[in-house]
Amino acid sequence: MAVLQALQTAIGAARRNPLVFVIAAAFSLFQVPSVLAQSVHPLVGSVVSLGVSGLMIFVVPFFFGGIIGMANEAIDGRTSFETFVREGKTHYVSILVVYLGLFAINLVLGFVITFAAILGGIFFLGSAGQPSLVPLAILAIIGGIALLGYLLIAFVVQFFGHAVVVDDLEAVDSIKRSAWCVRHNLVAVFGYTVLASVGGAVFGVFGGVFSLLTSPQFSQGESVDTVGPAAGPLPVDLPSVGLAGTAVLVVLLVILTGLFAGLFATFSTAFYRTIRPVDEHTTEDGTEVSG
């Protein structure tokens, strides 16, 4: 099976090249400011996260190109930091163009889904629990179509970055190549997507536990001020695991992120190499031509 074969190839390549894990872990350090800010106060965390997210839009394409380039080289033998820099720089523009386009599309679809959910809630609450089914059904259909569109786009274009780096394609051609690979390997790609999603969900559970442990909570029996003689003490927001505990969790999060992201980059690249067209008489979108 292509998925298991790719996973076996990826594990071997990653073991030969632990630098892939190091690069992925180093990249995860960009998330540390958001994590630490969230542990101080939710509002501070939201502001910092917004700023980091804006920066990451322009950083991710470089990392994406670089780590795929390293993974592609690691599968054949050894890779290096120079490969990461070279591939990240070479393919930055093509990946950025597609990344921005997908970001804009997902932003619109996310807005539609959120708007449908909020409006549905308003209808439900405004009707005292006995709403008309017609408007709710329409909103549900609109939200469902938007969600389906989001999932379908993510499924079809998930290999665009690999097409850019491995096959040296431009932005539009990389989308065509990804769609070709998915269309001609539907069962294998579905199995790959399920396995990758399960792995991401497992990693996400740790991220959720981490956020829960480092979120602020009202400490017992401490105060910083009083508002009048009868108001009593104001609670102080402190991390639930303390500063030392937060530091340990951050280190653990960086290590686990590096392991997961490094293996996933190698796995996805190995899988793409098994489903990409290899016939020399093909167009850039993967279709065969005569002669």
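## Surface and overall make-up

The protein has an accessible surface of about 16100 Å², and 72% of that belongs to carbon and sulfur atoms. The model is predicted. Its chain holds 291 residues, and buried residues make up 35% of them.

The secondary structure comes to 11 helices and 2 strands. From the N terminus, the order is α-α-α-α-α-α-α-α-α-α-β-β-α. How do contacts link parts of the chain? Take the contacts in the protein with a separation of 6 or more: residues 24 or more positions apart account for 70% of them.

## The largest pocket

The largest pocket holds about 1500 Å³ of space. It is lined by 44 residues, and the closest to its centre are Val60, Phe64, Tyr99, Phe260 and Phe264. Several elements give two or more residues to this lining: helix H2 (19-28), helix H3 (32-40), helix H4 (42-76), helix H6 (92-126), helix H7 (133-156), helix H8 (160-166), helix H10 (186-214) and helix H11 (242-275).

Which helix gives the largest share of the lining of the largest pocket? That is H4, with 9 residues. By residue type, the lining of the largest pocket divides into 30 nonpolar, 14 polar and no charged.

## The second largest pocket

The second largest pocket has a volume of about 150 Å³. Its lining is made of Leu7, Leu195, Ala196, Gly199, Gly200, Phe260, Leu263, Phe264 and Phe267. The elements that give two or more residues to this lining are H10 and H11.

The lining of the second largest pocket divides into 7 nonpolar residues, 2 polar and no charged. Two of its residues, Phe260 and Phe264, are also among those closest to the centre of the largest pocket.

## Nonpolar cores

The largest nonpolar core has 43 residues. Which of them touch the most other members? They are Phe63, Ile67, Phe159, Val189 and Phe271. Helix H1 (2-16), H2, H4, H6, H8, H9, H10 and H11 each give two or more residues to this core. H4 gives the most, with 10 residues.

Ile67 shows some of the contacts behind this picture. Leaving aside neighbours within four places in sequence, Ile67 is in contact with Val20, Ile23, Phe84 and Ala265. A second, separate core has 8 residues, including Val32, Phe210, Leu249 and Val250.

Is Ser174 buried or exposed? Ser174 has a relative accessible area of 0%, so it is buried. The cut-off for buried is under 20%. Ser174 sits in helix H9, which spans residues 171-184. Not counting residues up to four places away in sequence, Ser174 touches Val98, Phe160, Ala163, Val164 and Leu169.

Leu148 lies in helix H7. Is Leu148 buried or exposed? Its relative accessibility is 58%, so Leu148 counts as exposed. The cut-off here is over 50%. Leu148 and Leu109 are 39 residues apart along the chain, and their C-alpha atoms are separated by 9.6 Å.

Methods. Residues are numbered from 1 along each chain as its sequence is written. This is a predicted model: local features need pLDDT of at least 70, side-chain atom pairs count only at pLDDT 80 or more; totals for chains, interfaces and linings use all residues. Side-chain values use heavy atoms; hydrogens and water are left out. Helices (H or I, at least four residues) and strands (E, at least two) are DSSP runs, numbered from the N terminus. Buried means under 20% relative accessible area, exposed over 50%, partly exposed in between (1.4 Å probe, protein chains only). Contact means heavy atoms within 4.5 Å. Accessible areas come from the Shrake-Rupley method with a 1.4 Å probe; for residues, only the protein chains shown count as cover. On a 1 Å grid over the protein atoms alone, a cavity is a set of points where a 1.4 Å probe fits but cannot get out, and a pocket is an open set with protein on both sides within 12 Å along at least five of seven lines; lining residues have an atom within 4 Å of a point. Grid points are joined across faces, edges and corners, and a volume is the space filled by probe spheres set on the points. Ala, Val, Leu, Ile, Met, Phe, Trp, Tyr, Cys and Pro count as nonpolar, Asp, Glu, Lys and Arg as charged, and the others, Gly among them, as polar. A nonpolar core is a set of buried Ala, Val, Leu, Ile, Met, Phe, Trp, Tyr and Cys residues joined through side-chain atoms within 4.5 Å.
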